[in-house]
Amino acid sequence: MNENQAVEIQRMPRKNVWLLLFLGVAGAYLFHGVVFYGHPLGINVLIAVLCCYGVILGSQKGNLNLRRQQNWLLLPFIAALCATFFLYNNLLLLILNGIAVALLIPLQISLMTDTASYPAYTFGSFCDVFFCLFVRPFHRIGQSFPALFRGFSGKEVSGKNTKYIWIGILIALPVVAALTALLSSADMVFSDMLSRLSTKTILDGLGYLVLAAVVCTLSASFIYSLAAKKRAVVPPAQGNRPEFSLISVYIVLISVSLLLFIFGVIQCLFLFGGAALPEGVSYSTYARTGFFQLCAASVLVFCLTAVCMAFTKQAQAKQARFLRILYTWLNASNILLLVSSFCRMVLYEQAYQYTRLRLYVQFFILLLGAILVLTILKIWRQKFPLAKCVCFAILISLSALSYFNVDGFIARENSRNMPAALKEDSDGMPEDPMGYLYSLSADALPGYAHLLLDGDFLDDTAFRQYQKYANFADFHKNDFSDGLFPNELAKDEDEFYATLARYQNTARYYQWRARNIFSLYKECKNNSGDLRSYNTGRAAALEFFTSHPEFLEKLQSFQAQDIDG
């Protein structure tokens with residue numbers, strides 16, 4: 001790069017300056033509550049991504065190519081995953097979606113601007129992604145600041161002038177602070193105006209300024225980095241890959257294939273064919289156990305196949321055909337393992353209801369099955385883009401799982417035949433059949449709202465009975481020793497206190513119920529005032545509470561009961 005080119009790159013167009021200032025202000029406004037007050041993410045994520053792409057489009061106009069490596073295919077997934085932040089509240093899936101978006105946007109920008117140094121959709125793409133995430137926003141900060149100044153003012157600024165600018169700012173701050181204090185003491189009107197500015201308002205204003213400056217500075221470095229010289233393309237490694245002995249590979253593959261064939265026959269006979277099981281083993285127990293072990297076995301076989309394929313690429317034609325047959329058999333047997341595991345999970349869910357983990361496992365099984373089918377295609381068609389197809393299979397699975405609304409599905413299905421009242425376990429202790437539902441997010445509330453409105457959900461019988469027994473124990477303690485014990489309460493003192501403890505324990509469970517639901521209400525209410533954190537799941541849950549004020553009043557009454565005396 002010659003000197004003239006370096007100077008030209010340093011001059012940032014004024015349009016880009018305004019775009020970066022806009023992005024800084026927008027970023028500060030959208031995420032101020034998230035950074036400084038812990039507000040949840042919502043529609044601000046989608047708006048922020050749209051702003052980022054708007055700035056990229058405006059600053060790199062003429063240098064973008066959406067057809068390069070079909071990078072436009074990533075845009076629908078980015079939009080869909082960002083939209084989940086204002087549609088759903090499943091924390092784990094939102095974290096996964098956030099990670100996916102943080103990886104997809106740099107990848108798409110690298111491909112769109114032709115700044116990628118590694119082939120697309122390979123492990124090398126992670127290097128391009130990490131370079132965009134952790135290097136581009138920082139390594140051009142020194143050059144981007146003079147470029148911003150020159151683009152805005154049209155004048156040249158040197159490193160020496162930049163130093164003087166910072167010195168001037170540092171000197172001006174204490175001088176302005178001292179003059180403000182003197183003027184406020186000299187003029188009552190000015191002092192009154194300053195007193196109206198609370199500490200929180202001042203701190204919020206400083207927070208907005210700092211956040212806007214950080215976003216603008218990092219974005220300027222990123223944009224400036226894109227305009228700099230393109231990174232060198234790293235060619236694929238051409239070194240000699242070590243090879244396994246084909247005899248060893250044959251032994252491993254054939255032995256594993258025979259084992260999987262025998263296991264497949266057993267599955268067909270006993271799980272699907274109804275053959276007689278060993279004595280003492282029921283079909284329900286046999287069907288509902290072992291799915292996690294089968295998933296682990298399937299992953300192990302998949303890894304074994306991938307390793308063997310990687311180190312037997314140089315096999316001759318006849319040997320290669322036999323290896324392809326073995327690989328196909330292994331993957332087909334692996335698919336049978338996944339089918340068996342999936343069926344076992346379905347039977348387990350029918351017996352023990354749905355949970356997040358069980359549904360995640362089922363989606364993972366479907367994803368792994370799709371990858372195995374793609375692997376079989378790769379075995380017989382060497383030019384098949386396996387890595388690219390696997391990437392999109394993972395994105396499709398993650399998007400489908402997010403929009404499936406796991407929490408809502410669990411609440412709907414588990415609450416179909418679920419009683420609203422507490423029940424007793426084998427020891428006579430109270431047990432809440434809805435206990436797992438309280439651990440779900442606000443997305444689940446519409447699914448079990450009908451149980452909340454059932455009169456048995458918050459039954460005050462236990463509270464009233466406990467209060468009756470507790471009052472007697474407090475004011476008639478001497479009646480036990482005087483033989484004046486009322487027969488309508490209990491036969492003797494031991495039975496009286498046992499009954500008192502039982503009512504107290506039951507009342508505590510009802511209070512625990514009320515506190516769980518009321519905490520969900522407070523979470524939805526506290527985060528409803530800021531449209532930047534708007535979320536349809538929280539809005540629907542809050543709508544339920546506001547439309548049933550009598551239920552909300554009952555919640556507050558139950559959680560305020562004193563049952564620990």
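Is Arg356 buried, partly exposed or exposed? Arg356 counts as partly exposed, at 21% relative accessibility. The cut-offs are under 20% relative accessible area for buried and over 50% for exposed, with partly exposed in between (1.4 Å probe, protein chains only).

The model is predicted: local features need pLDDT of at least 70, side-chain atom pairs count only at pLDDT 80 or more, and totals for chains, interfaces and linings use all residues. Residues are numbered from 1 along each chain as its sequence is written, and side-chain values use heavy atoms, with hydrogens and water left out.

Helices and strands are DSSP runs, numbered from the N terminus (helices: H or I, at least four residues; strands: E, at least two). Helix α15 covers residues 317–352 and has 36 residues. From first C-alpha to last, α15 reaches 52 Å. This is close to the 52 Å expected at 1.5 Å a residue. The expected span is 1.5 Å times one less than the number of residues in the helix. Gln353 follows α15. The phi of Gln353 is positive, near 70°.

Salt bridges come next. The structure holds 5 of them. Each is a side-chain nitrogen of Lys or Arg within 4 Å of a carboxyl oxygen of Asp or Glu. One joins Arg356 to Asp407, with the closest N and O atoms 2.7 Å apart. This pair links distant parts of the chain, 51 residues apart. Arg356 belongs to helix α16 (residues 356–380), and Asp407 to helix α18 (residues 406–414). Arg356 is partly exposed, whereas Asp407 is buried, with a relative accessible area of 1%.

Another salt bridge brings together the side chains of Glu413 and Arg416, at 3.0 Å from N to O. Glu413 is partly exposed, with a relative accessible area of 25%. Arg416 is exposed, at 59%.

Asp432 and Arg513 also form a salt bridge, their closest N and O atoms lying 2.8 Å apart. Asp432 sits in the loop between β2 (430–431) and α19 (445–452), and Arg513 in helix α22 (residues 493–526), so the pair ties together parts 81 residues apart in sequence. Both residues are buried: Asp432 has 11% relative accessibility, and Arg513 has 0%.

Rings of Phe, Tyr and Trp (its six-membered ring) pair if their centres lie within 6.5 Å; planes under 30 degrees apart count as stacked, over 60 as edge-to-face and the rest as tilted. Phe126 and Phe130 form a tilted pair, because their planes are at 35°, with the ring centres 6.2 Å apart. These two residues are 4 residues apart in helix α6 (residues 124–134), separated by about one helical turn. Phe126 is partly exposed at 38% relative accessibility. Phe130 is partly exposed too, at 40%.

Tyr521 and Phe545 have ring centres 5.2 Å apart and planes at 65°, so this pair is edge-to-face. Tyr521 lies in helix α22 and Phe545 in helix α23 (residues 536–546), so the contact ties together parts 24 residues apart in sequence. Tyr521 is buried at 11% relative accessibility. Phe545 is buried at 0%.

Arg502 lies over the face of Tyr503, at 5.0 Å from the ring centre. Arg532 lies over the face of Tyr29, at 4.5 Å.

Conventions. A charge sits over a ring if NZ of Lys or CZ of Arg is within 6 Å of the ring centre and within 35 degrees of the ring normal.
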